[in-house]
Amino acid sequence: MTRSSIFDLRSSIFDLRSSICMPVTGLEKFASLQDKIRLALEVCKTLRQDKERFEAELADARDLLAEANMENERLRSQTERLMVERDSMRANIEAMLHEIAKLEMEAESLSR
């Protein structure tokens, strides 16, 4: 065997190894890419589910807030109505006490 033929043989073996290694390396890279894509899809799916859950929770919270605001307004209105009634009753009681005081003064003047 000549030096040139040995070199050609070694070159052929190297080319054969390279061609065998490249697809394996390429397949490994492809598999790694597939894994990354799967992971990205899982993260997207989880994020989408979280978003939907948070949106539902936000809608529930807004409903509760609207109900609380309505209840607050109802209670405010009721408080105002009760305060008006209290003031009216106070005025009526004061008027009655005034009339009683007048009657007592008339009773004293008649009893003298």
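Visitor: Is Arg 53 buried, exposed or partly exposed?
Guide: Arg 53 counts as partly exposed, at 41% relative accessibility. Buried means under 20% relative accessible area, exposed over 50%, and partly exposed in between, with a 1.4 Å probe and protein chains only. This is a predicted model, where local features need pLDDT of at least 70 and side-chain atom pairs count only at pLDDT 80 or more, while totals for chains, interfaces and linings use all residues. Residues are numbered from 1 along each chain as its sequence is written, and side-chain values use heavy atoms, with hydrogens and water left out.

Visitor: OK. Which residue does Arg 53 form a salt bridge with?
Guide: Asp 50, with 3.3 Å between the closest N and O atoms. A salt bridge here is a side-chain nitrogen of Lys or Arg within 4 Å of a carboxyl oxygen of Asp or Glu.

Visitor: And where are Arg 53 and Asp 50 in the helix?
Guide: They are three residues apart in helix 1 (residues 3-111), so about one helical turn separates them. Helices (H or I, at least four residues) and strands (E, at least two) are DSSP runs, numbered from the N terminus. Asp 50 is partly exposed too, with a relative accessible area of 25%.

Visitor: Which ring does the charged end of Arg 53 sit over?
Guide: The ring of Phe 54, at 4.5 Å from its centre. The rule asks for NZ of Lys or CZ of Arg within 6 Å of the ring centre and within 35 degrees of the ring normal.

Visitor: Back to salt bridges. How many are there?
Guide: The count is nine. One of them joins Arg 86 and Asp 87, whose closest N and O atoms are 3.3 Å apart. Arg 86 is partly exposed at 42% relative accessibility, and Asp 87 is partly exposed at 40%.

Visitor: What does Lys 102 meet in a salt bridge?
Guide: The side chain of Glu 99, at 3.8 Å from N to O. Lys 102 and Glu 99 are three residues apart in helix 1, so they too are separated by about one helical turn. Lys 102 is partly exposed at 39% relative accessibility, and Glu 99 is partly exposed with a relative accessible area of 43%.

Visitor: Which residues are joined into a network by salt bridges that share partners?
Guide: Asp 50, Arg 53 and Glu 57 make up one network of that kind.

Visitor: Something else: what joins the side chains of Arg 74 and Glu 71?
Guide: A polar contact of 2.6 Å. That is a pair of N or O atoms within 3.5 Å; within protein, one must be able to donate a hydrogen and the other to accept it, and residues adjacent in sequence count only if both atoms are side-chain atoms. Arg 74 is in helix 1 and is partly exposed at 43% relative accessibility.

Visitor: What about the chain overall: how many helices and strands?
Guide: One helix and zero strands. Of the 112 residues, 0% count as buried.

Visitor: How much accessible surface does the protein chain have?
Guide: About 10600 Å², and 63% of it belongs to carbon and sulfur atoms. Areas come from the Shrake-Rupley method with a 1.4 Å probe; for residues, only the protein chains shown count as cover.
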